[in-house]
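Open the structure in your viewer and get ready to select residues. Here is a short tour, stop by stop.

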Amino acid sequence: RDAGLDLAPADTVYTPFYQGRGAQAPVSLVVRTQGDPLAAVWAIRRAVWAADPAQPLSNIVTLEQFLSNTMGAQRFRATLISVCGVIGLLLATIGTYGVTARSVVERTREVGVRLALGGDPRRVWLAVASASLRAILAGAIAGVILSALARAGLAALLPEVHGGGLAFSGAAPAVLVGAGAIAAVLAWRRATRVDPVIALRSE
């Protein structure tokens, strides 16, 4: 992939150096070593200078360093997208928590009526929280579908990397649903601690 990691390898024809390029053109020498590649630098220099003492050697890097340098732009875009995704997930979690807790608190009067009539607290909580949780589940499913559609475009930023977004696509809905469930539980505990008579008088 001489033109870039995001481009497919092109057809290549090997020709003698002096036939295809000028004598002054730069040459890249790739050496496979065992152990630490930098430990073989001086041995490579002596071998080259034994053939041509005037041959300069510069920009000596390992393959890992070379790949890291060539993937700088892709890494920056991927990091930026990841940061934006985490911030978006944090804001969505806070919003989900707040909206769910508010929706349960607003039904304190209904909770008081049901408890005053002898309703089972667990069933009352399920009835009150199920509406909010259904909305959260619907949004989570829609988000998974949209992320699956967008994954093809985002994959172009990270060549040869597949499946990495699946973990985040599954974790994000789980976090949102968990935040909604926690909000419903905490709001329900506050609502059940209120005297039914006071709950019936609240507006």
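Start with the largest nonpolar core, in this predicted model. Select its nine residues: Ala101, Val104, Val111, Val124, Val128, Ala129, Ala183, Ala184 and Ala187. A nonpolar core is a set of buried Ala, Val, Leu, Ile, Met, Phe, Trp, Tyr and Cys residues joined through side-chain atoms within 4.5 Å. Buried means under 20% relative accessible area, exposed over 50%, partly exposed in between (1.4 Å probe, protein chains only). Now colour helix H4 (72–105), helix H6 (121–155) and helix H7 (164–192), the elements that give two or more residues to this core. Helices are DSSP runs (H or I, at least four residues), numbered from the N terminus.

Stay in H4 and select threonine 96. Threonine 96 counts as buried, because its relative accessibility is 15%. Leaving out residues up to four places away in sequence, threonine 96 touches Ile136, Leu176 and Gly180. Contact means heavy atoms within 4.5 Å.

Next, select Ser68, Asn69 and Thr70 in H3, which meet Gly72, Gln74 and Arg75 in H4. By class, this contact has no nonpolar, five polar and one charged residues.

Last stop: asparagine 59, in the loop between helix H2 (41–51) and helix H3 (63–70). Asparagine 59 is not a glycine, yet has a positive phi of about 55°. Is asparagine 59 buried or exposed? Asparagine 59 counts as exposed, at 72% relative accessibility.

A note on the model: residues are numbered from 1 along each chain as its sequence is written, and side-chain values use heavy atoms, with hydrogens and water left out. In this predicted model, local features need pLDDT of at least 70, side-chain atom pairs count only at pLDDT 80 or more, and totals for chains, interfaces and linings use all residues.

How values were computed: Ala, Val, Leu, Ile, Met, Phe, Trp, Tyr, Cys and Pro count as nonpolar, Asp, Glu, Lys and Arg as charged, and the others, Gly among them, as polar.
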